[in-house]
Amino acid sequence: MSWIGLTDHTDGRFAPSGLAGDYSPSTLPDVLDRGTLMFETHLPEHTHQHDLFGGGKEGSGRSIMFRGASDIGITMEQRHQSDVSHAAIRLVNEGRAQTVRVTYAWDVASGWARLALEQPESPRPITTVMHAPYPHKTKDLRDLMLGYSNRTLSKDVLFAALSTEIVPIGTMPTLHPETPIATPDGYRSARDLRRGDTVLTGSGDIVPVLHVVLNRLPARGSFAPIRLHAPYFGLTQDIIVGAEQRLVMQGSEVEYTFGQEAVLVSARHMVNGHAATWVAPGAIAEYVQIVLPGHEVLIAAGCPLESLFVGRLRRNKEKLAASVLADVPSRLLPEHAQPYHQVLRPFEAITLLDQRAA
């Protein structure tokens, strides 16, 4: 995958050779027949639709615009000379502001495009497929990343990014590749584990590694890196994880408040300036994650962390093909009926952390 563009309200980058040096040619074609536009945004509680992200050079006859509203979800409108195409995805209104990830991928040669809507804390993307997509002028996409040509970037948008490849959707890896993972033979870097190796779980069992997945992602929004500091969370050394990596929390407060021995809490809710801090981001973050048979708990430098939750992905060929596990035969994937522990919602996580700080 090659990320070539990244933008937010403080910076805009466009690198034909790739933001992470992973794209060999030094120049791009004039037209991108294949690629992905991704952005994350808040959907405010008000219900009137408003422009989120997009633009087009005046007089060119080409434009793309994404719009959003809490009761509608996301709509996309593309203009290509005299042609206009639309796509929409409705999101259930939960009565509060929501953060969503929007991914538009297109492949002109195959006559296929996909608009996907995800909530970062949920592994279940909502998608709609389109046919006969328009190609995109490279300079138009450059202008979107750099803020030229009447670009719209709503204050609700956290970041937007551009890739020359079709970006996976659904569950994503969230561990820094050098994260030390407990195995029967001692700690090993997550990136060095392979199918057939074994790891120690939070319950002390030894289980086999089924798969290790790797991905490069924009280091922004739900992909932003967080440093977890030792000795908090049982850590013997600092580790870096993605914002949506979930930690296993235990203790009397957990049992009293939730009636559970342990719960899962996203790392983003741990950030407090000392136990967990945001890492000054570069453009791209590289993450790995480990698939275990029963979604068991990993031990990372002494800290219990969630392994990759795949649910029943193997049963849905289309969702599997769109995921980071697309290259894995479905027969080699496990089924995870539900997360190993209860996953706390944002307000529940805040409540728990307030109790621990009291």
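A salt bridge is counted where a side-chain nitrogen of Lys or Arg lies within 4 Å of a carboxyl oxygen of Asp or Glu. This is a predicted model, in which local features need pLDDT of at least 70 and side-chain atom pairs count only at pLDDT 80 or more, while totals for chains, interfaces and linings use all residues. Residues are numbered from 1 along each chain as its sequence is written, and side-chain values use heavy atoms, with hydrogens and water left out.

**Stop 1: salt bridges**

Select Glu178, Arg191, Arg216 and Glu286, which are linked in a network of salt bridges. The structure holds 20 salt bridges.

Next select Asp8 and Arg220, whose closest N and O atoms are 3.3 Å apart in a salt bridge. Helices (H or I, at least four residues) and strands (E, at least two) are DSSP runs, numbered from the N terminus. In these terms, Asp8 lies in the loop between strand 1 and strand 2, and Arg220 in the loop between strand 19 (211-218) and strand 20; the pair links distant parts of the chain, 212 residues apart. Are these two residues buried or exposed? Buried means under 20% relative accessible area, exposed over 50%, and partly exposed in between, with a 1.4 Å probe and protein chains only. Asp8 counts as buried because its relative accessibility is 14%, and Arg220 counts as buried at 11%.

Move to Glu335 and Arg315, whose side chains meet in a salt bridge (2.9 Å, N to O). Glu335 lies in the loop between helix 3 (317-321) and strand 28 (342-343) and Arg315 in the loop between strand 27 (303-306) and helix 3, so the pair ties together parts that are 20 residues apart in sequence. Glu335 is partly exposed, with a relative accessible area of 33%, whereas Arg315 is exposed at 59%.

**Stop 2**

Display the seven-strand sheet as a cartoon: 7 strands form an open sheet in the order 2-1-14-4-9-10-11, with antiparallel pairing. Strand 2 (12-14) and strand 11 (126-131) are the edge strands, each pairing on one side only. Neighbouring strands of this sheet are turned by 15 degrees against each other on average, direction ignored; axes are lines fitted to C-alpha atoms, for helices over the stretch in contact, and angles run from 0 to 180 degrees between N-to-C directions.

Within this sheet, select strand 1 (residues 3-7) and strand 14 (residues 157-163), which pair in the antiparallel sense over 4 bridges. Two strands pair if DSSP finds at least two bridges between them. Gly5 has Leu162 in strand 14 as its bridge partner.

Helix 1 packs on the sheet, touching strand 1, strand 2, strand 4 (34-43), strand 9 (98-107) and strand 14, and its direction makes about 155 degrees with that of strand 2. Contact here means heavy atoms within 4.5 Å. Which residues of helix 1 are buried? They are Thr138, Asp140, Leu141, Asp143, Leu144 and Met145. Asp143 also meets Arg142 in a salt bridge (3.1 Å, N to O); Asp143 is buried at 7%, whereas Arg142 is partly exposed at 32%. Just after helix 1, Gly147 takes a positive phi of about 85 degrees.

Continue to Asn150, in the loop between helix 1 (138-146) and strand 13 (152-153). Asn150 is exposed, with a relative accessible area of 55%. Leaving aside residues up to four places away in sequence, Asn150 touches Gly54, Gly55, Gly56 and Glu58.

**Stop 3**

From Gly54, go to strand 6, where Met65 stands opposite Gly54. Strand 5 (residues 50-55) and strand 6 pair in the antiparallel sense over 5 bridges. They form a hairpin with 6 residues between them, and Gly59 in the turn has a positive phi of about 85 degrees. Of the 8 residues of strand 6 (residues 62-69), 6 are buried.

On to strand 7 (residues 73-80), which runs antiparallel to strand 6 and is joined to it by 8 bridges. Phe66 has Met76 in strand 7 as its bridge partner.

Finish at Ala87 in strand 8 (residues 83-89). Ala87 is buried, with a relative accessible area of 8%.
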